[in-house]
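Thanks for coming. I have one structure to go through today, and I will keep it brief.

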Amino acid sequence: MAFQLGDDDSQSMNEMNLIPLIDIMLVLMIIFLLTASVLNPAVPLDLPKTSATLNEIPPEAIQISIDKDAGIFWDSDPITMEELAVRLQQQSATGKDPSVQLRADKDSKYDTVAQVLAAASQAGLSKIAFVNE
């Protein structure tokens, strides 16, 4: 047995089901939006002209550390005082005037710190900062 709505007379439906039509419309709209963005990837803009200059990149900082046993480290590589003087001369020769960040252990000898400062001064590096935590 089938369900019947209304009389046996052939009545037409009062309402039409619009949900499948709306679904198809939404799918087509998404497809058109995607293809339109692929065909025209850039929006033409008339941007104003500026006369900005490029900012100069700051030179890298040299990390020198001194531990409590008078060991000297360039970044994390252990070096001797002679190697330190050579590297500082090389950095000074580049002409970028890099800054030296000196980290010294609180139990390190003042003599080692003074030698590192003297080597940096002899190399012509004037930007020296003490780093503590």
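How many residues does helix H2 have, and what span does H2 reach from its first C-alpha to its last? This is a predicted model, so please keep that in mind for everything I say. H2 covers residues 81-93, which is 13 residues, and reaches 18 Å, close to the 18 Å expected at 1.5 Å a residue. Just after H2 comes Gly95, with a positive phi of about 85°.

Now the overall layout. The protein has 3 helices and 5 strands. Reading from the N terminus, the order is α-β-β-β-α-β-α-β. Of the 133 residues, 17% are buried. The protein exposes about 11400 Å², and 59% of that comes from carbon and sulfur atoms. Taking contacts between residues at least 6 apart in sequence, 69% join residues at least 24 apart.

Next, strand S1, residues 62-66. Is S1 enclosed or open to the outside? 5 of its 5 residues are buried, so S1 is largely enclosed by the rest of the structure. In a regular strand, side chains alternate between the two faces of the sheet. Here both faces are covered: Ile62, Ile64 and Ile66 are buried on one side, and Gln63 and Ser65 are buried on the other.

Which strands does S1 pair with? Strand S4, residues 100-104, runs parallel to S1 and is joined to S1 by 5 bridges. In that pairing, Gln63 sits opposite Gln101. Strand S2, residues 72-74, pairs with S1 in the antiparallel sense, over 3 bridges. There, Ile66 is opposite Ile72. S1 and S2 form a hairpin with 5 residues between the strands, and in this hairpin Ala70 has a positive phi near 65°.

Thr112 has a relative accessibility of 7%; the cut-off for buried is under 20%, so Thr112 counts as buried. What does Thr112 touch? Leaving out residues up to four places away in sequence, Thr112 contacts Ile66, Ala70, Ile72 and Met81.

Last, the surface. Met16, Leu18, Leu21, Ile22, Met25, Leu26, Met29 and Leu33 form a nonpolar patch there, with about 800 Å² of accessible area together. One of these, Ile22, lies in helix H1, residues 19-39. Ile22 has a relative accessible area of 41%, so Ile22 is classed as partly exposed.

That is what I have; I can take questions now.

Note on methods
Residues numbered from 1 in each chain as written. Predicted model: local features only at pLDDT ≥ 70, side-chain atom pairs only at ≥ 80, totals over all residues. Heavy atoms only, no water. Helix = DSSP H or I, 4+ residues; strand = E, 2+ residues; numbered from the N terminus. Expected span 1.5 Å × (residues − 1). Patch = residues over 30% accessible without salt bridge, like charges linked within 9 Å, V, L, I, M, F, W, Y side chains within 5 Å. Areas by Shrake-Rupley, 256 points an atom, 1.4 Å probe, with all protein chains shown as cover. Salt bridge = Lys/Arg side-chain N within 4 Å of Asp/Glu carboxyl O. Buried < 20%, exposed > 50% of the residue type's maximum accessible area, 1.4 Å probe, protein only. Pairing = 2+ DSSP bridges. Contact = heavy atoms within 4.5 Å.
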